[in-house]
Amino acid sequence: MRKFKETVIEKGLQASALVTIAVTVGIILVLSIEAILFFKEVSIIDFLTDTQWTPLYTDKHFGIITLLSGTLLTSFIAIIFAVPVGLSISIYISEYAPRSFRKTIKPALELLAAVPTVVYGFFALTVVTPFLQTFIPGLAGFNSLSAGLVMGIMIIPFVSSLSEDALHAVPNSLREAAYGMGSTKLQNAFRVLVPAASSGIIVSIILAISRAIGETMIVAIAAGQQPRLTIDPTVPVETITAYIVQVSLGDVQHGSLEYRTIFAAGITLFIFTFLLNTVSYKIRKKFREKYE
Amino acid sequence: MKENKDTIDKSLKRKHKLQTKDVKVFYDDFMAIKGIDMNIRANKITAFIGPSGCGKSTFLRLFNRMNDYIDGFRMEGEILIDGENIYKKKVNVEQLRKQVGMVFQKPNPFPKSIYENVAYGLKIQGIKDKSYLKDKVEDSLKQVGLWNEVKEDINKSALALSGGQQQRLCIARTLAVEPSIILMDEPTSALDPISTAKIEELIYELKEKYTIVIVTHNMQQAGRISDYTAFFYMGELIEYDKSKKLFTNPEKKQTENYITGRFG
Amino acid sequence: MNNIRKNRIKDQVFKFWGIACTFLGLILLMIFIGSIIVDGVQRIDWSFITSLPSRKAERAGIYTALMGSVWILIFTTIIALPLGIAAAIYLEEYAKESKLASLLEVNISNLAGVPSIIYGLLGLEVFVRIMEMGASVLAGSFTLALLILPIVIVSTRESIKAVPKSIRDASFALGASKWQTVSQQLLPASFGGILTGIILALSRAVGETAPLIVIGALAYVPFAPESPMDEFSVLPIQIFNWISRPQHGFETNAAAAIIVLLLITFIMNGIAVYFRNRWQSKLK
């Protein structure tokens, strides 16, 4: 009897765990089915090569590159900003700051990631853009620069926290060896510790990129809703995520081509983040084995 | 070795490489070193022995200020190297560590090539001359007797070497920056007997050119290689004398108890 | 010597750069919160909290959105909590080292990295359309529950892992079954940690906007939900809607609503940190 009860419980727990697999399968199925229906009407070659994205107009074009460029541009700005800053923070906290400081500052920095993104969007639109406009006169009200920068602030803790963990995990004996040879902390950090912790640091950067690519509200609010193939950070663009929001806010008929565009856009996004996450998982696995 | 007491005193005065004056160390409120006066002589091997936690490692690490990074560390007193107080405000710690090299308990090569390991100390000083670096690396590896074993693999990872080889590499790395003092913190405790013998031999040769201070758990080792031995207990220097004398005819009861294995 | 001096200067310069970077984000955040408080705090009063939405900025309130958030939070908890804890127990205590376990592990790690808007697309198709829940509280809660599931699982596993092995051994040695050990020893011992993880996950859910917009949650809902099948809005969507309007009065409203949202988020984070500290000191 007891054995029977134990088995039932185990099966129940297992079923709960399997829900996560169902979620992944569900995501892949939903995205692919709708995307396949989409590609029945729109050629995949047009989708990949057209340089305009105008599914909501009468003259319809479905060039995903246009949205992708918006996504990559805003993400690029965010990463260019967040990686040097986040890495500097991680080196400062793990090598320079007193231990007690580490304990308070890490949760404080993680607060940056806890702020709802809609709030960051408001920040970008009402504070950062007007501020930047004072010395970049041509800056449009909606632009990828301030959206990207604010997104950068948001992902700082992703970079700094994971990189700091990686630096912290480098055995102390290496630090002592470097100091014993007369290294300054800076030389020790860049010549010994960063190379030794490189896999963890790379993982943190990949996760930050993945996060930036999938970020929605900041770009939907501050970067605009004008699909445009450009690398100019001062003009409005539209990202994949912002487009999905734009369509969702309107009245789009279920089963229509417009409805399916958001799934086609969604699957593009999913493929990108899936690849990034898989790579980072692989590196992390390898890295864990190295230290244990 | 048959000098009389007068000549020993004279040479002590002439050859003091390292002097400590009433040195006390605190970790927060805990007093780890309780006021030690000591003179360490140039071109000799001085061994520190004593039970775990007696402060011998802490004391050793004062000489290149490696304790500076420990939270709550505080020191009183003076430590003089060639008559200069190394704990004065304006002392450049990096410069000091170039002069006072250190070899650690576990071999700790950087996860880089053998070449990069040995060249590291020179490179961080801004030396870029390739042929100079190459000569220096070869020279240092020859000094530790590692050159013939690794000359083909000089660009391979140092982590591929055996433990004993790694430790000799760490010594070579230290020699490359031409220190005058080498501190060794139980350098053979992680090694097998054959590697240990090689390192001991090497240490013995090195005293021609360097002043060596070695912390060891192993009393036989202290007896084999050192000229002087200092016995520490509970943060105090109990006895300090020529090794031969200390191991055969100690003055203090505590020393005798320790070296005969009655405690520790 | 000269080089060593230069290196020291570089070292000092980097130290100040590091301090500057560390505080940069926090200072910007404080500037921003400061400016929002200046913008919005005079707008916050009892009627702002209790008023229904309105076309006139000065009469509009956050009541329906706030209630929507509360409903969503409750149902998300009801769905995600048992599922997440059960999955975590299975992974940590039952499925160790098996092939299924490593598959689950990769999968959960991957799910944690899926952008939230993708969960919105999943919810739209599965809950709203196929299961015919419509853009209801329930559909929204299911969507957010799946979104935070990986976070709940990961943090619960960490907490269970932190329970000393000796407790497990002692329980088994006394003849307890696996489930008895889990339910009577491990779960109580890791309760504080699990709670922390769940509160953090919920604080993430309360700020989520995009997936709920995608499933069709509305910016304008005249009444607070009265059943799980009702339409709803949530605070972040209300904020987003006000931000998108041109009139200045709505910007003030948005600032005021942001103060409320941040207050909720920070209080939840604060509670989580408090529980974590208390739990960690107890575990020692």
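**Figure 1. The contact between chain A and chain C**. In this predicted model, the contact takes 71 residues from chain A and 67 residues from chain C, where two residues are in contact if their C-beta atoms, placed from the backbone, lie within 7 Å. Helix H1 (residues 2-41) of chain A supplies 18 residues, the largest share of the side of chain A that touches chain C; helices (H or I, at least four residues) and strands (E, at least two) are DSSP runs, numbered from the N terminus. By class, that side of chain A holds 45 nonpolar, 22 polar and 4 charged residues, with Ala, Val, Leu, Ile, Met, Phe, Trp, Tyr, Cys and Pro counted as nonpolar, Asp, Glu, Lys and Arg as charged, and the others, Gly among them, as polar. Residues are numbered from 1 along each chain as its sequence is written, while chains are lettered from A and ligands numbered from 1 in the order in which they are written. Local features need pLDDT of at least 70 and side-chain atom pairs count only at pLDDT 80 or more, whereas totals for chains, interfaces and linings use all residues.

**Figure 2. The two domains of chain A**. Chain A is divided into domain 1 (2-41) and domain 2 (64-291), with bounds that come from an automatic or database domain assignment. The contact between these domains takes 8 residues from domain 1 of chain A and 8 residues from domain 2 of chain A, and on the side of domain 1 the residues divide into 5 nonpolar, 1 polar and 2 charged. Taken over C-alpha atoms, the centres of the two domains are separated by 30 Å.

**Figure 3. Chain C and its contact with chain B**. Chain C has 11 helices and 0 strands, and its C-alpha atoms fill a box of roughly 75 × 70 × 35 Å, taken along the principal axes. Of the 284 residues in chain C, 48% are buried, a residue being buried if 20 or more other C-beta atoms lie within 10 Å of its own, exposed if 12 or fewer, and partly exposed in between, with C-beta atoms placed from the backbone. The contact with chain B takes 5 residues from chain C and 5 residues from chain B, and those of chain C divide into 2 nonpolar, 2 polar and 1 charged.

**Figure 4. Strands S1 and S2 of chain B**. Strand S1 (residues 16-27) and strand S2 (residues 30-41) of chain B run antiparallel and are joined by 9 bridges, with His16(B) having Arg41(B) in S2(B) as its bridge partner. The hairpin of S1(B) and S2(B) has 2 residues between the strands, and in this hairpin Asp28(B) takes a positive phi near 50°.

Technical notes. Two strands pair if DSSP finds at least two bridges between them.
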